[in-house]
Amino acid sequence: GNRFDRHIELDALVGDMNDVVTSLVEDRSGILWVGTLHNGLVKVDFKPARFRTVNSQSIGNASITALAFGEPSSLWIGTIGRGLWKYSKNDASVQELNSDLNDATFRDLDIKSLFYASNGKLWIGTNKGLFVHSPAQNKTEEFDYCANEEFETLLKNNEIRSIAEDL
């Protein structure tokens, strides 16, 4: 089963940032990526124990609400009102995902959850429903989970706070 093999005191690593941790994800090399409400993205390296805020003029101190790893070197970053971003660990570049979502963009939405599925698609839960992005085609669509008109707005006007894959 799952077990926790280390206990960390984030305050000891990042000092008193007076912030709220909203999301955590660990990469394959053991680096912990921390999304915060006021200080943007924080990278915590345990060997040696140090941290740094990932300062990007693009996202700056955006309120980060969701993190998900995609391709081995890509970290997807969801924000409140600042859009959806892709951070490349290879060159530390940050790129905004620009998608036309029926007269809206991700900057018009609050991203609540992200999930990178085994089929290579990024699922995006927002305060206005569920979206799916295909990085290979660079295409984003609102998820239409059923053709039944009676249920048409079931997900559209609801917050999607968590996404999981049934393997």
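In what order do the four strands of the open sheet lie? I looked this up and found S5-S6-S7-S8, with antiparallel pairing. Strands here are DSSP runs (E, at least two residues), numbered from the N terminus, and two strands pair if DSSP finds at least two bridges between them.

A note on the source: this is a predicted model, where local features need pLDDT of at least 70, side-chain atom pairs count only at pLDDT 80 or more, and totals for chains, interfaces and linings use all residues. Residues are numbered from 1 along each chain as its sequence is written, and side-chain values use heavy atoms, leaving out hydrogens and water.

Alanine 68 stands opposite tryptophan 76 in S6.

**Aromatic pairs.** I looked for rings of Phe, Tyr and Trp (its six-membered ring) with centres within 6.5 Å; planes under 30 degrees apart count as stacked, over 60 as edge-to-face and the rest as tilted. The count is three pairs.

Tryptophan 33 and tyrosine 87 have ring centres 5.4 Å apart and planes at 55 degrees, so I noted the pair as tilted. Tryptophan 33 is in S2 (residues 32-36) and tyrosine 87 in S7 (residues 84-88), so the pair ties together parts 54 residues apart in sequence. Both residues are buried (under 20% relative accessible area; exposed is over 50%, partly exposed in between, with a 1.4 Å probe and protein chains only).
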